[in-house]
Amino acid sequence: MNDVNAAFAAAAGLIVDADPAVLGIVMLSLQVSVCAVAIAAVIGLSLGALLAVTRFPGRGAVVVALNALMGLPPVVCGLLVYLLLSRSGPLGQWGLLFTPSAMIFAQAVLIAPILAALTRQVLESYWEEYAEQLRSFGAGPCRAVPTLLWDGRFALLTVLLAGFGRASAEVGAVMIVGGNIEGYTRVMTTAIALETSKGDLPLALALGIVLMAIVLGVNAAAHALRGNATRWAG
Amino acid sequence: MRAPDTILPLTIEGLGFARDGQPILSGVSFIIDAGPPSIIIGPNGAGKSVLLRLLHGLLVPSAGTIQWSGIADPRPRQAMVFQRPVLLRRSVLANATCPLALAGLSRAEQLARAHAALELVGLAALADRPARSLSGGEQQRLALGRAAALRPEILFLDEPCASLDPAATQAVEAIIARLATAGTKIVMTTHDLAQARRLAGEALFLHRGRLLEQSPAARFFTDPATSEAAAFLAGALVW
């Protein structure tokens, strides 16, 4: 019990003193996850919006596949990206393996389907409501996409936050393609896993507390946005 | 003198529409020309809403033709307001500018027209409110103003007062009358006879998917040509 208390005290010390090692790891984590969300957003939002407004043979299968990919295990995603980026892989000449770029790549692959699937759900219900009116304005499905994205802005911000939460909390993908190299590719989740197995509980705990605080902050933001969304959705 | 680029008269010939093999409209022929409002009346299920959607191009006819006049593209010259207004999740003002932006107008022109339209429908003071927080009557007025801002030559209105209280109905009718006076051709469906009497220049009586009568309002309401129309006017149940 004393060990645990001592570990918490030491962890609090690391956070309060803004320990450079902790700070570096936190900053890299945020940088990787924010970049991954940005890239996945471009792909996921446009794909989800297009899927919401178009009807084509096999669309049902695409929707099911996207929904299934929402549950893609991070380690499997990491493995696939590893195979792509490894020396002998198709993208091997880029030399990205074991760099932060590889970690961004893997997290983007992990959350793009989540963003696409959730965007599709949100915008499909809007499209059902708007389609006739927008066609009356002379806008077919493709020209309606920007209108739908703008009207879904609050709901879609919540979607982006969900993606960020998933990206910042996963450990498997960044571990495999980043390699958990100290001072280079070590992020909060991989550091927690490593330090715990090494027995350095204060550092692991300090990072765990920061991670929890970030996830809590993201969820609080999502909650606030939802209130705003209902105001505009009427 | 008719403006050379007008899209009226609108000539409909042998128009038919079926859904899942069930005929909803058949053999409908008439001509709509510029002038006072044309009111399409008839009992529920007569095919009034489907007829408007066909004319506006939202549905594709299964038979017959819809022929606009002139050489201008008829699409941007018409607008439609639906029974239940579909308002975007934006401010009142942004709802008015959206169709103008889609029509490719400059931002300055969008704002000028949108403000004028909100003035016309009495919503200028609510320009910054979320559109979906408006009352039912205000929402329908916004939908009317938004359509009017497009400056259509012909405006289709599908039961615009169906779910409104008398005061809101009166406000909407006043706007419709003003648009008609200003030269917009109104084509409107209603099952409310009193409203039809107040607004109609001519009446089109639709019954079981067929157009039974098209006559000037004065004649239709006093001396209908068909027994079905007479029964409908007398308040008898016709179907």
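**Two chains in contact: a predicted model**

The contact takes 16 residues from chain A and 18 residues from chain B.

Visitor: Which element gives the largest share of the side of chain A that touches chain B?
Guide: This is a predicted model. The elements of chain A that give two or more residues to that side are α5, α6 (141–151) and α10 (201–233). The largest share is six residues, and the element behind that share is α5(A).

Visitor: How many charged residues does the side of chain A that touches chain B have?
Guide: Sort that side by class. Five residues are nonpolar and five are polar. The charged residues number six.

Visitor: Which residues in α5(A) meet α3(A)?
Guide: Start from α3(A), which brings Val63(A), Leu66(A), Asn67(A) and Leu69(A). By class, this contact has six nonpolar, one polar and one charged residues. On the α5(A) side stand Pro113(A), Ala116(A), Ala117(A) and Arg120(A).

Visitor: What ipTM does the predictor give the complex?
Guide: Take chain B by itself to begin. Its average pLDDT is 92, and 97% of the residues score at least 70. For the complex, the predictor gives a pTM of 0.86 and an ipTM of 0.89.

Definitions and conventions
Residues numbered from 1 in each chain as written. Chains lettered and ligands numbered in written order. Predicted model: local features only at pLDDT ≥ 70, side-chain atom pairs only at ≥ 80, totals over all residues. Contact = placed C-beta atoms within 7 Å. Helix = DSSP H or I, 4+ residues; strand = E, 2+ residues; numbered from the N terminus. Nonpolar A, V, L, I, M, F, W, Y, C, P; charged D, E, K, R; others polar. pLDDT = per-residue confidence, 0-100.
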